[in-house]
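Student: Could we go through the pockets of this model one at a time, with the reasoning set out for each?

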Amino acid sequence: MFETETTYFTPDDKKKPSGPIPKGKWYAMVIDVDKVLTDKMITSRHDKTVTHLADKYIFRYRLHEDNEGMSFEDTDGNEVLGDDYVGYEVKSNSIWVWKKSDDPNVTPNDAGNFRYSTVLKAVDYPFNVVDMEDSKGEMKKRYELPVDIDDSEIVGKRVIIEVIHNDYSFTNDAGELKEGTSSKELGVYKWEGEPKNNKDSVPF
């Protein structure tokens, strides 16, 4: 037999969980920040004559080792442990950044930045809190949020995410209808304190 370069594979008899990651709050780490839309013109849901301007981000998270020992419920109602999902990845739902514009036909949507501001606070992203006069002449505190995100301030940060399920359907190239359920983040919270398990799932 001739000599050749080799590589390895270690069989694992442990059955991997099937189906979406269970709903609930999970310890996680941000591993990617992706701006998927820039300067998107969007018609208001409440008034079709109003147009807003926004960028759209998608974050990607990896479930942390601190989920070990935690109990969740799968889609069949069975109890499952967080241990089985450590290292699994979850994408965020849309994170919109509503922007100002010099275009007189574009209306600001500051209230829409609630989710964006919540995400930034969860990862301790630096931004200013300023006092500004509102339309009634009263001074109000406002968050002065960055339009462009510095990924290095976010990637690698530990957070707690709320995982939800989204049902989807599509028709593939063969004309077949495919349906399923995916797991998405729809809630990011600050992780207080240090992890119990210091073997962080490295982002790369």
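Tutor: Before we begin, strands here are DSSP runs of E with at least two residues, and they are numbered from the N terminus. Please keep in mind also that this is a predicted model.

Student: Which strands each supply at least two residues of the lining of the second largest pocket?

Tutor: The second largest pocket has a volume of about 340 Å³, and its lining holds 13 residues. Nearest its centre lie Arg45, Trp96, Trp98, Asn109 and Gly112. With 3 residues, β6 gives the largest share of this lining, and the strands that each supply at least two residues are β1 (24–43) and β6.

Student: How do the residues of that lining divide into nonpolar, polar and charged?

Tutor: Gly counts as polar in this scheme, which places Gly112, one of the residues nearest the centre, in the polar class. For the lining of the second largest pocket, the division is 4 nonpolar, 7 polar and 2 charged.

Student: Which element gives the largest share of the lining of the largest pocket?

Tutor: About 560 Å³ of space lies in the largest pocket, and among its 20 lining residues Asp110, Asn113, Arg142, Tyr143 and Leu145 lie nearest the centre. At least two lining residues come from each of β6 (95–99), α1 (114–122), β7 (128–133) and β8 (139–144). The largest share, 4 residues, is supplied by α1.

Student: How many residues in the lining of the largest pocket are charged?

Tutor: By class, this lining contains 12 nonpolar and 2 polar residues. Asp and Arg count as charged, and the number of charged residues in the lining of the largest pocket is 6.

Conventions: Residues numbered from 1 in each chain as written. Predicted model: local features only at pLDDT ≥ 70, side-chain atom pairs only at ≥ 80, totals over all residues. Heavy atoms only, no water. 1 Å grid on protein atoms, 1.4 Å probe; cavity = no way out; pocket = protein on both sides within 12 Å on 5 of 7 lines; lining within 4 Å. Points joined across faces, edges and corners; volume = space filled by probe spheres on them.
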